[in-house]
Amino acid sequence: MRSVIISGASQLVNRSSSLLFSTVFFPNRIFSPYNYYFPKHFLSQRTFAIMSSGNTDDFVKGNVLSNGVALITLDRPKALNAMNIDMDIKYKSFLDVWEVDPMVKCVLVESSSPRAFCAGMDIKGVVAEIQKDKTTPLVPKVFTAEYSLICKTSEYKKPYICFMDGITMGFGIGLSGHGCYRLITERTVLAMPENGIGLFPDVGFSHIAAQSPGEGSVGAYLGLTGKRISTPADALYVGLGSHFVPSGNLGSLKESLLATTFSEDPHQDIKSLLAKYSSNPESEPQLKPLLPHIISTFGGNKSVTDIIKELEKHQQSTDTAVAEWAKEALVGIRKGAPFSLCLTQKYFSKVASAHKNRENDLSRLSGVMKTEYRIALRSSLRNDFAEGVRAVLVDKDQNPKWNPASVEEVEPSEIEALFKPLDSGIEELAV
């Protein structure tokens with residue numbers, strides 16, 4: 001759901017009423033997505049007054065063009081197009097209507113700003129409500145709206161195209177990463193470092209990770225370390241992007257799409273346009289030569305303790321590239337809450353193991369999202385979540401006091417308990 005905007009970004013100053021999430025992994029480089037807003041009826045009057053900014057109705061704009069292209073524009077540039085629950089609901093309502101409208105041939109999703117496609121979802125307001133009332137209905141409402149929207153994009157019956165230009169993290173990946181056409185540019189920056197605030201990489205990222213090189217090892221590496229992907233070659237290599245379209249070509253591609261007279265096969269029409277405007281990245285994936293080391297470290301259902309030991313060994317490598325990779329990975333993984341790291345390792349391993357077994361619910365995105373719903377409802381109530389937000393958003397000391405404080409202290413039974421069916425009276429996610 002959320003994203004922690006991390007390394008490689010110059011400092012950005014949030015001009016809205018609440019503070020953006022400072023980077024967890026590189027505290028000297030700041031830009032963050034966690035300052036979003038929720039509807040008034042879900043929050044106390046005081047919380048809403050603090051969080052509210054701007055007209056939510058204007059943040060997600062929908063329009064159907066005469067040739068059948070349905071256009072969604074995310075227009076909340078000051079918050080890097082952070083999604084709140086009203087935006088989720090409005091976005092999904094457009095998709096629901098357009099899916100059964102015979103006039104609509106395809107859906108194109110874009111941002112009004114080149115800085116970000118979508119930087120994530122609010123957590124600050126959620127934490128504030130949880131601290132006041134752990135039974136707040138806000139938590140299930142937020143995750144239901146978000147996860148239902150993700151499943152809709154994955155199962156959409158018409159071509160679904162996302163211009164993933166700029167920052168695309170957390171829920172930004174959830175909105176785009178499961179669709180047919182995931183267009184990345186040289187400005188795209190991708191990451192899922194939620195462990196740094198005491199949560200876990202959700203939005204179905206484990207499903208994408210399971211299909212990544214090394215039988216899911218690369219995806220596990222990205223999820224555990226929060227590594228950012230900022231080159232087109234790597235975005236394609238790990239499967240987050242489907243096509244590389246240079247940012248200078250996006251305008252022409254859009255114009256051509258809006259001028260297209262669609263045939264009975266819109267997918268083929270779109271593929272023809274992409275063949276014209278997309279290209280191969282100029283460089284090779286930076287992660288590809290590191291694949292053997294990624295597999296040996298993050299593959300094979302290794303524990304977090306064993307992963308850290310492997311990275312410490314690689315850090316002593318005489319190969320400079322391997323040593324630097326291991327050093328960066330250790331910095332990332334050590335910023336995560338120990339409980340979150342152990343949860344991520346266990347969860348991603350479960351999904352990767354189920355990937356090719358169609359009888360296992362975790363082989364399908366719907367099954368993944370149902371499981372994530374259980375995990376999210378429970379893990380969001382743990383003290384690590386509030387502490388992570390305190391350390392990063394409120395006090396901004398970048399020094400969270402995790403509980404448990406080390407991976408050795410994490411009880412495996414507490415991890416397994418997150419996966420169990422919800423208690424009676426609490427509805428499971430219906431997708």
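Strands here, like helices, are DSSP runs numbered from the N terminus (at least two residues of E for a strand, at least four of H or I for a helix). Before going on, a note on the source: this is a predicted model, where local features need pLDDT of at least 70, side-chain atom pairs count only at pLDDT 80 or more, and totals for chains, interfaces and linings use all residues. Residues are numbered from 1 along each chain as its sequence is written, and side-chain values use heavy atoms, with hydrogens and water left out.

Back to the strands. E4 and E6 (residues 167-169) run parallel, joined by two bridges. Two strands count as paired if DSSP finds at least two bridges between them. What is the order of the open sheet of three strands? It is E4-E6-E8, with parallel pairing. E4 (116-118) and E8 (189-191) stand at the edges with a single partner strand each, so one side of each has no neighbour in the sheet.

Now an antiparallel pair. E1 (residues 60-64) and E2 pair that way over five bridges. Asn 63 stands opposite Leu 71 in E2. Four residues lie between the strands of this hairpin, and Gly 68 takes a positive phi near 100° there.

Next, the loop between E2 (69-74) and helix H2 (85-99), where we find Leu 80. Asn 81 is in the loop between E2 and H2 too. Most residues other than glycine have a negative phi, and most peptide bonds are trans. Leu 80 has a positive phi, near 55°. For Asn 81 phi is about 60°, also positive. Is Leu 80 buried or exposed? Buried (under 20% relative accessible area; exposed is over 50%, partly exposed in between, with a 1.4 Å probe and protein chains only). Its relative accessible area is 1%. Asn 81 is buried as well, at 1%.

Pro 404 sits in the loop between helix H16 (383-394) and helix H17 (412-417).

Last, the core. A nonpolar core is a set of buried Ala, Val, Leu, Ile, Met, Phe, Trp, Tyr and Cys residues joined through side-chain atoms within 4.5 Å. The largest has 102 residues, and Ile 72 and Tyr 91 have the most contacts inside it. Helix H4 (residues 138-154) gives the most to this core: nine residues. Apart from it lies another core of 17 residues, including Ile 161 and Val 245.
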